[in-house]
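Open the model in your viewer and keep the sequence panel beside it. This tour goes from one selection to the next.

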Amino acid sequence: MKLSEVKQILPTLENVEFQLENGTFVPEHFHVTEVGVVTKNFIDCGGVIRTEKAVNFQLWDANDFEHRLKPNKLLHIIQLSEDKLNIEDLEIEVEYQNSTIGKYDLEFNGKTFILKNKTTACLAQDACGIPAEKQKINLTQLTNDTASCCTPNSGCC
């Protein structure tokens with residue numbers, strides 16, 4: 001989800017809610033402690049130099065149980081960050097500490113922002129010699145084309 005999408009959604013909400021993919025909600029007294037841009041410069045295993053940039057939201061579960069971040073306040077924080085840091089309309093990455101600090105992609109289900117688990121991947125599979133994944137099908141999905149099958153005494157074998 002891009003920053004512009006979040007900015008369009010926030011004015012339509014009564015409350016800001018974040019939920020993990022497993023259904024667990026981020027406690028409603030969370031704080032957004034950072035909004036910024038994260039730039040990752042790296043070289044992949046195939047020797048290609050790459051750069052990735054994302055807008056970063058850091059969520060923090062504080063002991064401030066009376067705190068509730070309202071949509072307009074988060075929108076103001078985003079706009080201030082855009083002005084001061086020249087933030088572009090990039091994909092959003094959310095940092096949230098559950099058992100360890102996790103990085104999540106962001107989606108919206110119509111009511112709640114969903115923290116989507118990120119996964120690792122090889123960006124240079126052709127250079128690493130990783131074979132392409134074979135297509136998996138069930139034998140029951142194969143059609144029974146009798147015209148192409150050998151029959152007893154047909155002489156095809």
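Helices (H or I, at least four residues) and strands (E, at least two) are DSSP runs, numbered from the N terminus. This is a predicted model: local features need pLDDT of at least 70, side-chain atom pairs count only at pLDDT 80 or more, and totals for chains, interfaces and linings use all residues. Residues are numbered from 1 along each chain as its sequence is written, and side-chain values use heavy atoms, with hydrogens and water left out.

**Whole chain**

Start with a cartoon view. The protein has three helices and six strands. From the N terminus, the order is α-β-β-β-α-β-β-β-α. Of the 157 residues, 30% are buried. Buried means under 20% relative accessible area, exposed over 50%, and partly exposed in between (1.4 Å probe, protein chains only). Contact means heavy atoms within 4.5 Å. Among contacts between residues at least 6 apart in sequence, 66% join residues at least 24 apart.

**Helix α2**

Select residues 71-85. This is α2, with 15 residues. From first C-alpha to last it reaches 21 Å, close to the 21 Å expected at 1.5 Å a residue. The expected span is 1.5 Å times one less than the number of residues.

Which residues of α2 are buried? Colour Pro71, Leu74, Leu75, Ile78, Ser81 and Glu82. They lie on the same side of α2, because they cover an arc of only 125° around the axis. The arc is that of the directions from the helix axis to the C-beta atoms. These buried residues pack against α1 (3-9), β2 and β3. Now look at the face turned away from the buried side: Asn72, Asp83 and Lys84 are exposed there.

**Asn86**

Step on to Asn86, which follows α2. Asn86 sits in the loop between α2 and β4. Its phi is positive, about 55°, although Asn86 is not a glycine. Buried or exposed? Asn86 is exposed, with a relative accessible area of 63%.

**Ile92**

Next, select Ile92 in strand β4. Ile92 counts as buried, at 2% relative accessibility. Leave aside the neighbours within four places in sequence, and show the contacts of Ile92: Met1, Lys2, Leu3, Val6, Val55, Phe57, Tyr104, Asp105 and Leu106. Then draw a C-alpha to C-alpha distance from Ile92 to Gly36. The two are 56 residues apart in sequence and 9.8 Å apart in space.

**Thr112**

Move to the loop between β5 and β6 (113-117), where Thr112 is found. Thr112 counts as buried, at 3% relative accessibility. Beyond its neighbours within four places in sequence, Thr112 is in contact with Glu17, Phe18, Gln19, Phe25 and Glu107. Gln19 is 93 residues from Thr112 along the chain, yet their C-alpha atoms are separated by 6.8 Å.

**Largest pocket**

Finish with a surface view. On a 1 Å grid over the protein atoms alone, a pocket is an open set of points where a 1.4 Å probe fits, with protein on both sides within 12 Å along at least five of seven lines; lining residues have an atom within 4 Å of a point.

The largest pocket has a volume of about 600 Å³. That volume is the space filled by probe spheres set on the points, which are joined across faces, edges and corners. How many residues line the largest pocket? There are 17, and Lys40, Glu52, Glu93, Lys118 and Thr119 lie nearest its centre. Strands β2 (30-43), β3 (49-61), β4 (92-97) and β5 (101-108) each give two or more residues to the lining.
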